[in-house]
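Biologist: Please show me the model, and then let us go through what some of the labels rest on.

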Amino acid sequence: MGVKVFRSPARHGYAVEGSPFIPTRLACAASQYYGIAGSGTLLVLEETESGIALVKSCEWSDGLFDVAWSETNENVLAAGGGDGSLQLWDSSSNHSAPLRVAREHTQEVYSVHWSQTRGENLLVSGSWDQTAKVWDPTLSKSLTTLKGHEGVIYSTVWSPHIPGCFASASGDGTLRVWDIKSAACRLAIPAHKSEILSCDWCKYDEHMVVTGAVDCSVCVWDLRNPRQPVCQPLVGHSYAIRRVKFSPFSRTVLASCSYDFSVRFWDYSSSQPLLETVEHHSEFVCGIDFSLHTPNQVLDCSWDETVKIYTPACLTAGTHTAGP
Amino acid sequence: MHRVKVISGHLSSYPPQGGNRKCNINHCRARAAVSGPEDVVVVHGRRTAIGKAKRGLFKDTTPDELLSAVMKAVMTDMGLSPDRLGDVCVGNVLQPGAGAVMARIAHFLSEFPETVPVYTVNRQCSSGLQALFNIAGAIKSGSIDLGLACGVESMSLQEMGNPGDLSPRLVDFEKARACVVPMGITSENVAERFGISREKQDAFAVSSHQKADRAQRSGRFEAEIVPVVTKVTDAEGTECTVTVLKDEGVRPSTTLEGLGKLRAAFRPDGSTTAGNSSQVSDGAAALLLGRRSAVEALGLPVLGVLRASAVVGVPPDMMGIGPAYAIPAALEQAGLSVADIDVFEINEAFASQAVYCVEKLCLPLDRVNPNGGAIALGHPLGCTGARMTVTLLHELQRRGRRGYGVVSVCSLSDPRVCPLGVRCGLCLLSV
C-alpha cells in the first residue's frame, strides 16, 4: 500500500482531519503564501482506489489554519481563519459561501475543535487574541469566552471523556485545562519553557495529555500529577513540533509532525519510544490525524502543497514494539 | 509582519539533543508581489519605426510630426480622451531648448486640448527614460493621475556638436574637460581600460543585427510600431509620400568578417568603428502612465508596474559604464537580483560599453536586448529611453507570464536605469 497524494498548487496545508462519518473523506485547511498573506482554501477530499480526489474547495478571503468536522452532520465542517473568523461550511452544497461566519476573535483563529462527548454538541476555538471561545453548533454567538492565557493560543482540544472540558496549548508555555460550566481554568501546567504549539488527549485514559513544543520535544502529562511529565520528553525532532495526536487505537502510541519536515510515531511506554520517522515532505508538516475508520491509516498535510494518506510500517507491525 | 514573526519565533529554539542548525532566516527585501492602488503603472506604449538619419525615409520629417504620431496612437489605442492627461513630458536632446516649442506644436498637431500641459527634458541619451521618471514622479507625488512620457529625435535635421556657451575655465578642471570628450573617445577609453577587444565588440554588433533581424521577420515589432505617413524628397528633388513601417537600420547581412574590415572611427589605432557603434537615427516613442487606482477606475489595462529606479554618476570620460553601476543600484532598491530579471534592455551606444556592462554584471547574454539594440536599430537620442521601454514591455507581454525587466541607458555623466517586470501582461517597470 503506497502513499496517496493530493496536490494543491499555491495552497499550503495547515490542518487535516478525517471525517467521523465517511471513512474515505477528509478535509484540509490550507492557505495561500504559506499563510503569511493572501487567501485560504478549505479542501474537502475523498480517498479513491488510486489516489485522492477533490470533492469541494471553499475559498476564504484570509488564510485558514484549522478545520473540524461536525460530530452530528456528515456534510458540515468548521474552519478557523487568519482574520479571526470562524466559518461553518456545507460540503454538499453548491454554494461558494459558508453557512455562517462568526467574527468575535480579534486575531488569528489557530484552532477549532468539535466536541465528541456524548450528549454535547459544541465547538471550541483558540485564538492568537489569547482567548478560547465555546460555541453552539450554529455558530450564532459564543456561549463562553475563556481568558487566562498570557500568550497566543495555538491549540484547543475537547476531552473525549470529560464533558465540558477542553485543554489548550499556548505561547505562554502552559498547558491549561478548562471547565466550561464554571468558565474557569482548572489547571495550568508550565509544561515547557518554550511556546507549546499543540496538545491532544489520550483516547483511552482521561487523565493523559500530550504536548508538542517549540523546544522540539513531545511531553506526556498525567493531570493527576502535573508537576512532571510521565516519562522523559520524547526527543528526536530537530525543529519545533507543529502538532501532536494520540492514536485512536492504542493507549500509548502518538504521532508528531514538525517544522523539520518529518512525522514521527512514538510509543511513550517503551524504553525506546521512537517507532518510526516518516520523511516524505519537503516543507513544514503542520497537520496530522489518525483515521478513525481504517486502523493505522494516517493523514498529514504540509506547506509543500500536499496532503498524504499512508499507513506507517510501525503501526502495522502488530504489537507496536519499538522500531529501528 | 506579525505572522512571519510568530513563525520565525518557532524556529529559534535549539533541540534538547543539540546538533547543528542549518536554519537561517533570511529576510527577503523584495517588496510584496501583491499590488497596491498607489503603484505607478504603464498602461500602453508605442513607437515609430527608427529611420536612418539623413538617408532614410524620415530624413525630411520634422520631429513634431513623429512625436504627434505616437502621442495620438497611444491615446487612440486606449480610447482615452487626451483631456484626461495631467501632464506630458518629452525627452529631446538636439532641438533648440530641448524642443520645448516643438513639443507644444506636436501637442496641437495631435489635437490635444490646450488645458493639457507639456514640457521637455534633456538628459542626453537617457532623456526618453528621464521623461518616464518625471511623469512617474509626478504621479507618485500626487500632482497628476495620468501622464504621457515620450521621446523624440530627428538627427537628420539637427546636428550634434554644439555644446553651447561654456566657460573657458573648463580647461582648468579635469572633470569639466572630460565632459567635452567626444562620445567615440569615451568608447575607446572604455575598450582600452577594460580590455574589450575589437573582436568582442564586432561579435556583439553582429549579434545585435541578427536579433533585430529575427525580431523584424517574425513580426515582433508589429504591435509596437505606429505606421507614419510622411513625405520624403529623393536625390532628384522629387517629393513622394511614403508609409514608414520598418526599422531601417537592421543589416542582416552583417558578418564578423565584414565588420573587421572597417576602419576605427575615432582614433587611428582604436577599436570603435561605425559598425560597432549605434546608428544616427530619427524616431519617437510614447508611453501612457498612471496611478493604478486611476487606471483601474477608467477600465484601462496595466502593461507594467514601476518597481524601482536609480541614477548613478560615473567619470564623464567613460560614461558608457554607467549601467554597470546603475543596474545594481536599482535592483537593490527593488529587492531583486540579476537572476530575477528576464530581459535587460541596455542601450548599445557602443559595443565596447555594452559588452563591459554585460560582463561586469555577469548578465546572461540571452537575456540582453533579445530583439536587438541601438547598433542594429539605431539611437535617436531623445527617443531611445522611451523606445527601449516600449520594446521591453511589448516583449514581456508577448511572453505572457510574470517577469521583470530592466532598461538602462548611459549618457554623458548620467546613466539611467529602469528595471521592469511583467506579470500576465502587467509590467514591472523599475525606473
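Modeller: Two strands count as paired if DSSP finds at least two bridges between them; strands (E, at least two residues) and helices (H or I, at least four) are DSSP runs, numbered from the N terminus. This is a predicted model, in which local features need pLDDT of at least 70 and side-chain atom pairs count only at pLDDT 80 or more. Residues are numbered from 1 along each chain as its sequence is written.

Biologist: What makes β25(A) and β26 (residues 298-302) of chain A a pair?

Modeller: 5 bridges join the two strands, which run antiparallel, and at least two are required. Within this pairing, D289(A) stands opposite L299(A).

Biologist: Why are β1 and β25 of chain A said to stand at the edges?

Modeller: The open sheet has the order β1-β27-β26-β25. β1 (4-7) and β25 (285-290) each have a single partner strand, so one side of each lacks a neighbour in the sheet.

Biologist: Why is α2 of chain B called mostly covered?

Modeller: Buried means under 20% relative accessible area (1.4 Å probe, protein chains only), and 12 of the 16 residues of α2(B) are buried. L66(B), L67(B) and V70(B) are among them.

Biologist: How do you know that the span of α2(B) is close to the expected one?

Modeller: The expected span is 1.5 Å times one less than the number of residues. For α2 (residues 63-78), that expectation is 22 Å, and the span from first C-alpha to last is 23 Å.

Key. Chains are lettered from A and ligands numbered from 1 in the order in which they are written. Side-chain values use heavy atoms; hydrogens and water are left out. Buried means under 20% relative accessible area, exposed over 50%, partly exposed in between (1.4 Å probe, protein chains only).
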